[in-house]
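Trainee: Can we go through the ligands in this one? I'd like to know what sits around each of them.

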Amino acid sequence: MTLKLGVIGTGAIGQEHIRRCSKVLQGAKVVAVSDINLDGAQGVVSRLGLEAEVYANGHDVINAADVDAVIITSWGPTHEEFTLAAIAAGKPVFCEKPLAMSAEGCRRIVEAEVAYGRRLVQVGFMRPYDAGYRALKSVITQGEIGEPLMLHCAHRNPAVPESYTTDMAITDTLIHELDVLRWLTDDDYKSVQVVFPRSTKNSHAKLRDPQIVLFETHKGVRIDVEIFVNCAYGYDIQCEVVGETGIARLPEPASVQMRKEAKLATTILTDWKDRFIDAYDVELQAFINDIAIGQLQGPSAWDGFAAAVAGDACLKAQESGQIEPVEMPPRPAFYNR
Ligand code: NAD
Ligand code: NAI
Ligand code: ISE
């Protein structure tokens with residue numbers, strides 16, 4: 001049976017997800033789309049040659065009789081409203097990160113899903129589906145480097161637009177590490193501090209760039225994450241785990257090595273779309289397959305909430321300059337894996 005999808009938001013990642021659900025993945029097709037930029041939505045449908053209805057309002061996509069499941073790729077501030085509406089309609093929903101703009105917003109989604117009684121929400125945290133991160137996790141869980149003691153990580157973008165401000169380093173960018181590092185270490189954050197090195201001249205008045213975020217986890221692991229979104233040279237994701245008996249690093253994306261003009265070189269990617277292209281395919285195929293068997297298993301609303309709780313503490317730490325506690329309530333049995 002083909003799963004009929006409705007997609008809300010046809011911007012950068014919306015177009016990518018529509019393309020992969022229509023042309024790459026198995027078992028689904030896109031039958032409805034919407035965007036506040038109606039012409040943009042219509043353009044995507046025409047370019048991809050889809051037979052999909054274009055709606056002016058995301059709620060009409062959710063409530064369309066032929067839509068079985070919803071993908072939310074509109075901008076962050078709309079995610080909570082559309083996810084809650086999908087739960088109210090009893091339809092599975094894949095929501096891009098962040099699940100909501102605050103932990104409170106995520107909590108409302110958790111409560112609605114628990115009240116519904118069955119998992120309906122998967123959050124677009126794709127890194128746990130990335131082959132490199134999976135290999136790194138396997139090294140840790142097999143005990144190949146002993147217990148993890150320290151993690152050194154970096155999330156670098158070549159450049160961001162003027163609309164990107166200091167807080168977005170947490171809510172838009174670090175949010176991926178906030179999810180993947182608790183999954184990688186099977187741990188939760190205890191406290192966080194944010195420090196600001198000298199800013200790059202490539203930034204602007206409303207963005208302090210780079211930033212270093214320092215965590216302590218409940219198991220006592222220390223984590224440093226550099227966020228540098230105007231690094232100029234590429235889109236570069238780094239993760240090194242220092243264990244008791246060895247060090248494990250996230251593999252670099254495959255790239256041909258060249259010896260040329262007295263240099264040894266490999267290419268560094270520049271676009272997030274390419275860096276995790278396979279992981280996006282795998283996460284959405286999992287969403288489609290899991291709906292077919294009636295049991296979502298990917299990153300949950302609770303994972304979205306946990307990342308947001310840590311994110312809120314990071315935002316506070318940006319303002320205060322102090323070490324701030326991360327106060328995470330116990331996980332309800334509903335979300336036990
Ligand atoms: P974008 O700005 O390119 O696209 C957002 C689209 O949403 C725009 O077309 C906009 O018109 C539309 N939109 C806004 N409000 C809407 C509404 N109420 N109803 C319908 N459409 C609406 O942004 P993007 O880069 O595609 O990012 C979209 C979301 O995806 C963000 O939440 C972002 O954080 C997330 N994202 C995740 C990843 C990832 O790696 N997981 C990568 C990129 C983006
Ligand atoms: P974008 O700005 O390119 O697209 C957002 C789209 O949402 C726009 O087309 C906009 O018109 C539309 N939109 C906004 N409000 C809407 C509404 N109320 N109804 C319908 N459409 C609405 O942004 P982008 O980069 O595609 O990001 C979208 C989301 O995806 C963000 O939440 C972002 O964080 C997330 N994202 C996730 C990535 C990942 O790696 N998982 C990568 C990039 C983005
Ligand atoms: C974007 O929104 C994403 O989610 C990408 O995965 C991330 O790496 C990038 O920094 C964000 O802008």
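Mentor: Start with ligand 3. The residues surrounding ligand 3 are Lys97, Met126, His155, Asn157, Asp172, Thr173, His176, Tyr235 and Trp272. Keep in mind that this is a predicted model.

Trainee: How does that shell around ligand 3 split by class?

Mentor: Three residues are nonpolar, four are polar and two are charged.

Trainee: And which helix gives the largest share of the shell around ligand 3?

Mentor: H7, with three residues.

Trainee: Which side chains have an N or O atom by an oxygen of ligand 3?

Mentor: Asn157 is one of them, at 3.0 Å from an oxygen atom of ligand 3. The side chain of His176 has an N or O atom 2.8 Å from an oxygen atom of the ligand. Lys97 also belongs here, with a polar side-chain atom 2.7 Å from an oxygen atom of ligand 3.

Trainee: How much of ligand 3 does the protein cover?

Mentor: On its own, ligand 3 has 300 Å² of accessible area, and the protein covers 84% of that. The space that ligand 3 takes is the largest pocket.

Trainee: Switching to ligand 1. How many residues surround it, and which are the closest?

Mentor: There are 24 around ligand 1, and the closest are Ala12, Ile13, Asp35, Lys97 and Tyr280.

Trainee: What does Lys97 do with ligand 1 in terms of distance?

Mentor: An N or O atom in the Lys97 side chain is 2.8 Å from an oxygen atom of ligand 1.

Trainee: What about backbone atoms next to ligand 1?

Mentor: Ala12 has a backbone N or O atom 2.6 Å from an oxygen atom of ligand 1. For Gly124, a backbone N or O atom lies 3.3 Å from a nitrogen atom of ligand 1. Taken by itself, ligand 1 has 830 Å² of accessible area, of which the protein covers 80%.

Trainee: Which helices supply at least two residues of the shell around ligand 1?

Mentor: H1, H4 and H7 each do. The largest share, three residues, comes from H1. By class, the shell around ligand 1 has nine nonpolar, eleven polar and four charged residues.

Trainee: Now ligand 2. Which residues come nearest?

Mentor: Ala12, Ile13, Asp35, Lys97 and Tyr280, out of 23 residues around ligand 2. The shell around ligand 2 has nine nonpolar, ten polar and four charged residues.

Trainee: How far is the Asp35 side chain from an oxygen of ligand 2?

Mentor: An N or O atom of the Asp35 side chain is 2.4 Å from an oxygen atom of ligand 2. A backbone N or O atom of Ala12 is 2.8 Å from an oxygen atom of the ligand. At Gly124, a polar backbone atom is 3.4 Å from a nitrogen atom of ligand 2. Alone, ligand 2 exposes 830 Å², and the protein buries 79% of that.

Trainee: Where does ligand 2 sit?

Mentor: In the largest pocket. The elements that give two or more residues to its shell are helix H1 (12–24), helix H4 (79–88) and helix H7 (168–185). Domain 1 and domain 2 both give residues to the shell around ligand 2, so ligand 2 lies between them.

Note on methods
Residues numbered from 1 in each chain as written. Chains lettered and ligands numbered in written order. Predicted model: local features only at pLDDT ≥ 70, side-chain atom pairs only at ≥ 80, totals over all residues. Heavy atoms only, no water. Near = heavy atom within 4 Å. Polar contact = N/O pair within 3.5 Å; in protein donor to acceptor, adjacent residues only side chain to side chain. Areas by Shrake-Rupley, 256 points an atom, 1.4 Å probe, with all protein chains shown as cover. 1 Å grid on protein atoms, 1.4 Å probe; cavity = no way out; pocket = protein on both sides within 12 Å on 5 of 7 lines; lining within 4 Å. Sits in = over half its atoms within 2 Å of the grid points. Helix = DSSP H or I, 4+ residues; strand = E, 2+ residues; numbered from the N terminus. Nonpolar A, V, L, I, M, F, W, Y, C, P; charged D, E, K, R; others polar. Domains from an automatic or database assignment.
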